[in-house]
Amino acid sequence: MIVLIALSGALAVCAVVALGLGSEHIAAGQLFSALISKLTGTVPPLSREQEVIVFSLRLPRIALAIGVGATLSIAGAAFQALLRNPLADPYVLGVSGGAALGSITAIIFASELSLRRPLFGFAGAAIATLIVYRLGKREDDPTHLVLAGVVMSTFFSSVIVLLTALADNVKLRNITLWLLGDLSSGTIEGLIFVLMAAVIGAVVLITQSRALNLMMIGERDAFAMGVETARVRWVVHLTASLLTGAAVAAGGAIGYVGLVTPHLVRLAAGSDNRLVIPASAITGALLVLLADTVARTVLAPRELPTGAITALVGAPIFIYLLIKSRTVP
Amino acid sequence: MVNSRRTILIAFVTLSLLAGCSGAKSNSETSSVAANRRNFTDGIGRTVAVTPNPQRMILLAPNVTEIFFALNLGDRIAGVTAYCDFPEAAKTKEKIGDTLNPNLERIISLKPDLVVVSTASQLENLTRKLDQLAIPVYVTNPRSVREVVASIRNLGEVTGAVDRAREIADEMERRIGAVEGRVKDLPRPRVLYVLQTGPLITAGRNTFINDLILLAGGRSISGDENFDYPQFSRETVVARAPEVIVAPSSHGTELVKESDLRRDFPTTPAIRSNRIVWVNPDLVDRPGPRIVEGLEKLAEGLHPQKP
């Protein structure tokens with residue numbers, strides 16, 4: 001509980017700091033009194049331009065980073081616990097691939113309607129989940145699921161490559177940016193969608209976390225102890241997949257967060273899923289928020305794709321964890 | 001469509017039969033033709049040996065196709081890209097793939113005596129391969145509006161259409177001068193050029209559009225960026241307060257959404273005074289004869305003339 005409170009505090013501090021950072025400078029004192037006057041309902045001491053910058057450009061983007069980070073990390077933690085596989089994450093299981101394929105189909109064939117991209121992405125994730133789950137279902141052996149996921153991932157990426165070869169120039173760049181994760185073009189609808197998904201998903205998965213703890217020991221033992229393993233497996237898999245779909249639809253395919261965050265959390269706080277799931281949510285939110293703040297400030301006024309930063313940081317963290325797990329028996 | 005295909009096919013068969021008939025002579029002919037070649041320096045400093053008055057030319061960019069039709073060389077064009085859609089006659093020419101992925105086999109099978117490439121399509125590999133096959137490749141590389149005019153004069157030299165090229169180039173220069181003269185003493189509005197919303201993409205310093213904006217009497221708020229087409233911070237747009245927003249009008253797909261501009265930049269003078277100028281993208285990003293038309297439209301948008 002203390003861990004969660006400390007993490008939430010850190011996230012809140014970082015969010016306020018991020019609100020003050022950007023390509024346009026706004027003094028800390030000014031920002032602070034603006035926030036207070038916004039809360040108390042008086043007129044903030046900012047120019048019209050500064051108000052737009054802080055409250056309609058930065059704030060929604062920060063919220064989106066938090067939502068996407070939390071959603072991907074909860075999904076990653078759930079998959080790793082369910083499949084007892086430290087490599088399991090939405091990418092390995094083909095869910096992100098399905099979501100990406102759906103969204104890219106929307107970019108290429110139906111770009112006029114802004115709501116279509118999230119809807120297609122979400123549908124793609126759901127379809128991928130159904131296929132992978134059907135292909136990989138075995139009573140007590142989660143490796144089949146991972147194998148099915150890897151195969152479907154490869155298949156989806158080959159279809160994406162095919163589609164990008166057919167797309168014209170400008171769309172091609174859009175697709176590339178989007179595959180790397182792009183939080184700059186988020187919409188309010190997407191934001192609300194992903195925040196709702198994060199909350200509902202977290203609640204559902206936390207209710208299953210005790211069962212997941214038992215299943216990590218072994219599904220038969222868990223079954224013997226009264227856990228309806230088949231139902232838990234299905235509920236957790238579906239919830240985590242839909243969470244991924246929501247995140248990818250809202251913010252593009254941001255990599256490594258879902259994989260690395262749960263590992264970091266378990267390293268610091270043990271592997272009790274009742275703690276790992278909510279702590280992963282907050283840690284993931286924090287990581288994506290930091291990555292996105294770097295992405296939009298480091299070369300300002302140019303912006304970088306957020307996913308490039310998460311991969312740049314995530315891969316070395318994962319390698320570090322790998323080496324560490326080898327030296328400590 | 002089927003008919004025109006058939007015509008092309010028949011033309012092909014006839015041509016190859018003719019080529020076959022003169023087969024015996026062809027060897028000595030090629031060597032004498034090679035001796036006749038004239039050397040030109042192309043837009044990136046390569047030396048290209050071209051036979052006088054090339055008859056089977058392949059053009060690998062829409063702006064080049066527009067230039068060649070303007071030079072009245074339509075009959076001597078053997079192939080163009082799928083993106084070459086202007087003038088109307090260009091659409092019926094043999095297609096050799098798209099600008100970024102031309103089909104090498106198709107190019108070779110058309111037996112070109114000159115291939116013209118634009119640097120914008122990044123075809124270094126293809127250029128190298130055609131060089132190895134001794135097919136002359138001329139690369140145009142205009143980086144500003146003035147250089148477009150110069151490139152038209154150069155292509156006139158290469159193809160033997162010197163007089164027509166001079167005529168077009170002189171007329172273009174006159175119209176550019178007229179625009180410059182008109183806007184010279186007017187205040188320069190701050191301009192945001194939006195390639196697309198979604199991720200916001202603008203144009204940097206070394207782009208055509210930046211040159212056009214300067215010539216048209218404006219100054220781009222992203223004109224100090226070294227990267228050609230940067231993903232740009234919306235905050236910076238708000239802070240730099242553009243007075244006019246220029247955007248390409250859509251080609252079926254909506255790359256720039258007016259609703260996005262109004263949502264993100266409500267405080268900018270451009271939105272408050274409703275000054276969004278839509279331009280036909282073909283007029284401003286094809287370095288060909290119509291670039292002058294694009295310049296005039298842009299100047300009119302930045303400095304509307306009173307009726």
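Biologist: How many residues of domain 1 of chain B are in contact with domain 2 of chain B?

Modeller: Please keep in mind that this is a predicted model. The domain assignment of chain B gives domain 1 as 34-169 and domain 2 as 186-302, and their C-alpha centres lie 30 Å apart. Where these two domains touch, domain 2 of chain B contributes twelve residues, and the number from domain 1 of chain B is 13.

Biologist: Which element gives the largest share of the side of domain 1 of chain B that touches domain 2 of chain B?

Modeller: On that side, the elements giving two or more residues are helix H3 (62-70) and helix H6 (145-159) of chain B. By class, the side has nine nonpolar, two polar and two charged residues. The largest share is five residues, and the element they come from is H3(B).

Biologist: Let us stay in chain B. Why does H8(B) count as oblique to H13(B)?

Modeller: Two packed helices are described by the angle between their axes and the distance between the axes. Here helix H8 (residues 208-215) of chain B and helix H13 (residues 291-302) of chain B have axes 9 Å apart and pack at an angle of about 55°. Roughly parallel would need an angle under 35 degrees and roughly perpendicular one of 65 to 115, so H8(B) is to H13(B) oblique.

Biologist: And which residues in H13(B) does H8(B) meet?

Modeller: H8(B) passes H13(B) in a right-handed crossing. The residues of this contact divide into five nonpolar, one polar and no charged. From H8(B) come Leu212(B), Ile213(B) and Leu215(B), and in H13(B) they meet Gly294(B), Leu295(B) and Leu298(B).

Biologist: Now for the partner chain. How many residues of chain B are in contact with chain A?

Modeller: The elements of chain A that give two or more residues to its side are helix H3 (48-83) and helix H7 (169-179), and the largest share, five residues, comes from H3(A). That side of chain A has seven nonpolar, six polar and eight charged residues. In the contact between the chains, chain A takes part with 21 residues, and chain B with 22.

Biologist: Inside chain A, at what angle do H4(A) and H11(A) pack?

Modeller: The two are helix H4 (residues 95-109) and helix H11 (residues 229-251) of chain A, and their axes are 9 Å apart. H4(A) is oblique to H11(A) because of the angle between them, and the crossing is right-handed. That angle is about 40°.

Biologist: How do the residues of the contact of H4(A) with H11(A) divide into nonpolar, polar and charged?

Modeller: H4(A) brings Val95(A), Ser96(A), Ala99(A), Ala100(A) and Ser103(A), while H11(A) brings Ser241(A), Thr244(A), Gly245(A), Val248(A) and Ala249(A). Sorted by class, they are five nonpolar, five polar and no charged.

Definitions and conventions
Residues numbered from 1 in each chain as written. Chains lettered and ligands numbered in written order. Predicted model: local features only at pLDDT ≥ 70, side-chain atom pairs only at ≥ 80, totals over all residues. Contact = placed C-beta atoms within 7 Å. Helix = DSSP H or I, 4+ residues; strand = E, 2+ residues; numbered from the N terminus. Nonpolar A, V, L, I, M, F, W, Y, C, P; charged D, E, K, R; others polar. Domains from an automatic or database assignment. Axes fitted to C-alpha atoms, helices over the stretch in contact; angles between N-to-C directions. Parallel < 35°, antiparallel > 145°, perpendicular 65-115°, else oblique. Left-handed = near helix turned anticlockwise from the far one by under 90°.
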